[in-house]
Structure formats: structure tokens, C-alpha cells
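Please keep the sequence and the coordinates at hand while reading.

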Amino acid sequence: MNIFTIPVPSPSSLWTTIHPGGAFNVACSFAALWALVKVLRMLRWRMKTTQLLGPPRTSLVYGVSRDLAISQDSAAMYERWTTEYGVVYMIPSVLGQTTVILCDPRAIAHFYARETRTYVHTPLSLALLESSVGKGLIWSHGETHRRQRKALTPAFSNAAIRKLTSVFYDSAYKAKGQWDNVIESSKDDGAVIEVQNWMNHISLDTVGIAGFSHDFGALDGKPASVTEVFDTFGSNQKASAVNEVFILLASVFPIILKIPSKRQNLFKKLSATMGQISNELLIRSRREKDVSIGEGGQENSIIGLLIKSEGQDTEFHMSEEEVIAQMRLLLLAGYETTSISLTWALIELSRHPDVQTRLREELLAFGPDPTYDQLKANLPYLDAIVHEILRLHPSVPEITRLAAADDVIPLSEPVRTASGNMTDNISIAKGTLITISIGAINRSSTIWGPDAKEFKPDRWLTEDGIGGKAKEVQGHRHLLTFIDGPRTCLGKDFAIMEFKTVLSVLVKNFVFEMQDGPDTPVEVARGVLPRPRVVGEDGTGVPLRIRRYE
């Protein structure tokens, strides 16, 4: 037989041949194959992963994940389970998944040391990050992450931040001037001011000038498209609750994120807005590029380093897509994290007037506005308050990663396994989900002592204020607020210096009180990141009664 004369059926005739019964059989075959792969992976996972104790599922679909998602204090839930099941345990998650929870300092240190390689972002995290900020530093892993981080590091050195201190002061004093005007126009000796919105404006204008030499003008009342989008995230809490279910299901099927939803449309709008702003700033900065860069001069500004890396053929080279992603990330991080911390600081100082008075006395006794070096070393009570806020109210309450390879995690104390045996290490199979509750570790009574849940800045002022267990936590000042390891927040010192500068100016010039007294209830609202909100207020409103300090 001549094989070249065998008739070849057309696609349409093939479809006719297998349709309808054949197509059904093919679909069943694929479904069976998918199920077989899942079963084999599950068997391997069970053989390779130490099976641990943990809470029972409260939902066949969500395990305990929805309970955590809708809780006002998920950290307390994690801590309660730690007390019951040990420093590492398993929780049932969405559609039969299981997540390992690490609450042991030694295990967490091991985990963070292997981030970006052994432990990587989940498919859901990658999809969300790519859709919001792009393939920048926070999205990348391994060698790409190392390259991008190394290129950006000079912009966040002590020398670079020292030069930015005046920018922080300018934003703080601009807000002070606006508040003076509001109080001046009030019939009383003070006024009720929604402070969270002002902290957002301070953060946006600061990151615009410090990062890109661009004044968004938010403190002058100039409307900024990016603030409008950010504010929308916290304005519809019912939609946010529905979105929790959406995200939970997307953790198993990331393709769900392709389905149009109000939240996804907001993320697209945010991404487009930040992308447009970043593009415009990049084009303008290229035109205004300092000649000293081309002549071999040193450039340590963020936008300058990004432009420089874009034009290099060295290991620090970044594509235009990566440059834009870094700019979008800086806008998001600069806007969200510092403004949240500042808002929590004003809330806690309003709840604790004695602490507020003591801080004001320290600042007034010091005299003129402290310099960068003085802010770092000469105002211990300000430093204590800042770090107590960072401990109690981390901007990112938890992280989840995926094991990209098998691993063995050591423990500082033995735990009982599901089979009843005791072990001082746990085996982790490739594909295992790992979660660390930053809030639970930062506020753990076992780690920080019986007063761990209290706002107590004095703990930072004495040698024995931080116990032995807390000292085992490897992170900035024994906190996980800025993560640890290769993914330690690059802008940590920038954020702390801005935090200290703004807080010092505001507390030195104003007295803050909760509108309905120190016991005014505050809850957590769901924006891009969790934000405080006075109960009963719309969106993320935090109105405080403010008067000038005379």
C-alpha cells in the first residue's frame, strides 16, 4: 500500500466521527487522567509530608479558610490553634487542600532563609501580583529577584534616605498647615478630622517626590486618579466580603480571576492607572535625566537607578516592563503600608493619652526638628512607639508560599504528629502550602509574654522588655512585619524614617482624641490591605478630634 495515497479526513469529518459519543468519551478520558494525576500527587504528598494535628474543617468546601478570611482577628485564631496543636500544625483549606502553619521561630527562620527558591509565591499570588503591579521585585523569584533587588538597593541606603528626610518633613508640615486652617475655621478649639485620608495623602505625595521627583499635590487638594481607585477598594465592604469567597476558590483555580467581577475590575483599573502614571513619570524622567549618570556620576534616586538599569547591559539590566513594575510597586507600597501604620499610631495615641503626652514631652524637650541621625538614635520613646505599632498592627497580616522542592524544617521544640509520635522536625513535600501569620507571631503571648496584646511601648526601652522567646524571632527588631530573608522589605528604613518624621511633627503640634472617647470601637476594613476603621463609619473612616497643642 502506498501510504501517500491514504485519504486524510478533514477536521470537520473527524468531529462528525467522534461526535457526540466520541467527544464525551474523550472528555471522560481527560477527566479520569486529571483525577489520576491528582490522586498520585496526593499519595506522594502524604508519603513525603509529616502529617500533623490541626483543627477540624468547619466547611466541606472551604475547610477553615473562610472562617479565617472573615474574622476580625485571624491572628488570634492561629494562636489558639498553636496552643492546642503545637508550634506547627495543619489546617484544612479550600476543596480538600491542606496548609501547614508555622508558628515556631526556628522553623520560620529556616523558611525565610530559603524564600524565592525553595518557597515561592502560589499561582494565585503570582496572578494577583502580576495583574496589580506587574513582574517586578515582589513578583520575581530566584536569580531574577536577586538581580532586581541588587539594582534597587542603593536607592534605600542610609545615605539615600538621609537626603530624603527633608521630603518627609515637607509633607508633614504641609498637612499641619492644612489642619491649622481647618481648626482655624472651626467654632470650637478643635475639629473632627478624618485622619486616614490625610495619611494617604501624606504617603502619596511623599513617595511621588522621594521616588520620582513628582508632586501629586494630594495634600493641596489636587485630585489624583490613583487615590480615587485606592479609596474605592474600602468603600464597599459587602462587595469585599463576597470577594473573599471569590479569592478562596481562586486559590485552587486561579483561572477564576479571569472572570469579570467588581474587585477584578478595580484591580485592572488600579493597574492601568498606576501603569499610566509610571509611564508618564518614566518618559519625563528620561528627558530630564541628569548628565552625571551618562558621565559616570553616581545616581542613587529610585527613578534614576531605574533609568540607569534600563540602559545597562550588565547583570543589573532591567527591561522597560520590569522598570514600570518597580514604579507601580513603589506607588502601591508607599501609599498603602506607611499610611496604615500612621493611622494606627494616631488611633493608639488617642486611646492612650498618657503615652501621647509622654511622647510630646520627649519631642518638645528635644527642641528643633531632629535630623535623620537623631531620629534614628536620640528619641527612644518615639522609636518605641513606632515599633510597638509595627508589632501590633503589621500592614500584611500573613503570607502563604508554595514549596517548590521537598524540604525538612527543624523545630525549636518537639510537636506531636497525627500518629501520636513526637518529632523535632517536619518533612515538607513539593507542592505543600505554607502559611505564616505575621500578626500571630508578633502578638503571641508565648513569644512576647502575657501582655503581648497590649499597646505597651515601654517594652522596647528595657533589656528585659523583650523576652528570650521573642529574641529567637529573626527579623527587624524581632518582628516579622518587614518579612525576613531574601524578601526582607527593601523599603524598611524608608518607611520607618517617614513614619517617625510625620508622627513627630503631628504629635508635637496637635492633641488627638477618639471622637467618642478612648473606648471608641475600631474594626478592620478590607481595602487593598486591611485598614482600621471606626465602627459605624463608611469606607475606611477614622475621624479623630484634633486640637492644636498650646
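How many of the nine residues of helix 5 (residues 105–113) are buried? The model is a predicted one, and in it seven of the nine residues of helix 5 are buried, so that this helix is largely enclosed by the rest of the structure. The buried residues of helix 5 are Pro105, Ala107, Ile108, Ala109, His110, Phe111 and Tyr112.

## Packing of helices 16 and 18

Two packed helices are described by the angle between their axes together with the distance between those axes. For helix 16 (residues 353–366) and helix 18 (residues 380–392), the axes come within 8 Å and cross at roughly 140°. Angles over 145 degrees would count as roughly antiparallel, and the two helices are therefore described as oblique to each other.

On the side of helix 16, the contact is made by Val355, Arg358, Leu359, Glu362 and Leu363, which meet Pro380, Tyr381, Leu382 and Ile385 of helix 18.

Three strands form an open sheet in the order 4-12-9, and their pairing is antiparallel. Strand 4 (190–194) and strand 9 (510–514) lie at the edges, each of them pairing on one side only. When direction is ignored, neighbouring strands of this sheet are turned against each other by 35° on average. Helix 9 (residues 195–212) lies across strand 4 and strand 12, and runs at about 65° to strand 4.

The pairing between strand 9 and strand 12 (residues 543–548) is antiparallel and extends over five bridges. Within this pairing, valine 511 has arginine 547 of strand 12 as its bridge partner. Arginine 547 also forms a salt bridge with glutamate 513, in which the closest N and O atoms are 3.9 Å apart.

The model contains 30 salt bridges by the distance rule applied here. One of them joins aspartate 373 to arginine 162, with the closest N and O atoms 2.9 Å apart. The two residues of this pair come from distant parts of the chain, aspartate 373 from helix 17 (residues 372–377) and arginine 162 from helix 8 (residues 158–185), and they are 211 residues apart. Aspartate 373 counts as partly exposed because its relative accessibility is 41%, and arginine 162 counts as partly exposed because its relative accessibility is 38%.

Another salt bridge brings together the side chains of lysine 135 and glutamate 130, with an N to O distance of 3.9 Å. Lysine 135 is partly exposed at a relative accessible area of 29%, while glutamate 130, with a relative accessible area of 39%, is also partly exposed. Beyond these pairs, a network of salt bridges links Glu388, Arg391, Asp451, Lys456 and Arg459.

Definitions and conventions. Residues are numbered from 1 along each chain as its sequence is written. This is a predicted model: local features need pLDDT of at least 70, side-chain atom pairs count only at pLDDT 80 or more; totals for chains, interfaces and linings use all residues. Side-chain values use heavy atoms; hydrogens and water are left out. Axes are lines fitted to C-alpha atoms, for helices over the stretch in contact, and angles run from 0 to 180 degrees between N-to-C directions. Helices (H or I, at least four residues) and strands (E, at least two) are DSSP runs, numbered from the N terminus. Angles under 35 degrees count as roughly parallel, over 145 as roughly antiparallel, 65 to 115 as roughly perpendicular and the rest as oblique. Contact means heavy atoms within 4.5 Å. Two strands pair if DSSP finds at least two bridges between them. A salt bridge is a side-chain nitrogen of Lys or Arg within 4 Å of a carboxyl oxygen of Asp or Glu. Buried means under 20% relative accessible area, exposed over 50%, partly exposed in between (1.4 Å probe, protein chains only).
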